[in-house]
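Here is a briefing on one protein model. Look over the sequence and the fold, then read the points below.

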Amino acid sequence: MKVSRLISFVVGLSALLFASCNPEGEFTPSISIQSTDGQTITSLTLTGEAQNAKFNILSNISWTINNDAEWLSIDRTSSANDTETIMANTVTVSVDANTTGQERTASLTVIIQGTSLPLLVTQQVGSSSGSLDSDVALSNIDEIDIYYCGLWDGVPYWDVYIWDSTYVINTILNTSDANFSAGIPSATYTISAEGVAGTADIGEQDEEGTYGTWLYLLSDDSIGNSVAAMESGSIKVENKGATYTFTLNLADVNNHAVTGTYTGEVYATDDTATEANYPSKFRSSYRSVHRIGVAKIAAPAPHRSIKAMK
């Protein structure tokens with residue numbers, strides 16, 4: 001489920017730097033920044049969801065553009081124009097969902113011949129507040145995917161995806177056994193920030209994304225927008241060999257419960273050799289930014305047992 005990606009343009013004063021010619025008829029550089037509907041702008045406001053936005057740069061001379069924010073990307077940084085004729089170039093701004101809990105801003109600066117023209121880009125806070133309005137019962141869990149990720153500070157851990165018909169729980173389980181073939185050991189994994197065996201990582205977020213145990217919306221059999229961080233409770237795992245039972249008793253910061261039970265086969269993957277799935281930056285208490293957009297393995301095929309995945 002994707003939230004409608006509305007883009008609102010804040011129209012500023014005219015951004016034309018110079019007239020295209022002076023009284024003597026000499027060439028003079030000219031540049032302006034416009035919205036896609038032709039309005040001159042000095043700022044751009046985006047909603048909190050992941051999206052692309054476009055604006056146009058009109059100029060009769062070559063230009064470059066600087067970007068001071070890591071959370072925002074642009075698809076072009078320069079344009080060559082030696083014709084002395086005003087040309088329009090479209091620039092696409094791309095942003096991820098703003099899960100920082102705060103509005104954020106970036107400055108794009110268009111430069112011609114040492115003169116700069118700024119565009120302020122503001123992204124509002126994402127729709128997820130990190131907490132729930134009421135209890136959530138995951139009554140239609142139909143798949144669980146488990147990825148063995150190796151050791152972190154000597155502790156084996158698993159990246160686990162629990163798929164319901166409406167939601168997805170993604171969690172990191174810290175275990176006592178590093179044997180992929182044996183699967184996740186039976187235990188009750190308590191939400192904690194300690195990262196020790198027998199715990200599930202607490203849900204957190206920062207400018208990089210979401211970490212630990214989170215509830216997400218399901219979107220086309222993939223992880224969609226984040227809904228709430230799980231800050232207490234437990235995940236009980238019963239490893240029965242060919243099948244598992246997972247029992248969820250979780251809660252967010254406001255103590256709204258997220259519960260559910262699943263018994264059946266799981267998909268198991270040894271992910272220790274696939275470093276590309278994980279970013280290079282890690283936080284001391286958390287393993288990696290969750291793989292937003294990751295899809296269900298089984299859908300629409302039937303489940304396969306953990307033994308079949310070895």
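Over which residues does the pLDDT stay under 50, with 30 contacts beyond four places in sequence in the model? That stretch is residues 299-310. Here pLDDT is the predictor's confidence in each residue, from 0 to 100, and contact means heavy atoms within 4.5 Å.

This is a predicted model, in which local features need pLDDT of at least 70, side-chain atom pairs count only at pLDDT 80 or more, and totals for chains, interfaces and linings use all residues. Residues are numbered from 1 along each chain as its sequence is written, and side-chain values use heavy atoms, without hydrogens and water.

**Confidence**
- The protein chain has a mean pLDDT of 79, and 77% of its residues reach 70 or more.
- Confidence is lowest in strand 1 (residues 7-11), with a mean of 33. It is highest in strand 21 (residues 232-239), at 98. Strands are DSSP runs (E, at least two residues), numbered from the N terminus.
- For residues 275-292 the pLDDT is below 50, and the model gives this stretch 58 contacts beyond near neighbours in sequence.

**Strand pairing**
- Strands pair if DSSP finds at least two bridges between them.
- Strand 15 (residues 187-192) runs antiparallel to strand 21, joined by four bridges. Thr-188 has Lys-236 in strand 21 as its bridge partner.
- Strand 15 also pairs with strand 16 (residues 199-201), in the parallel sense, over three bridges. Ile-191 stands opposite Ala-200 of strand 16.

**Glu-265**
- Glu-265 sits in the loop between strand 23 (257-264) and strand 24 (267-270).
- Its C-alpha is 6.5 Å from that of Ala-242, 23 residues away in sequence.
- Glu-265 counts as partly exposed because its relative accessible area is 29%, between the cut-offs for buried (under 20%) and exposed (over 50%), using a 1.4 Å probe and protein chains only.
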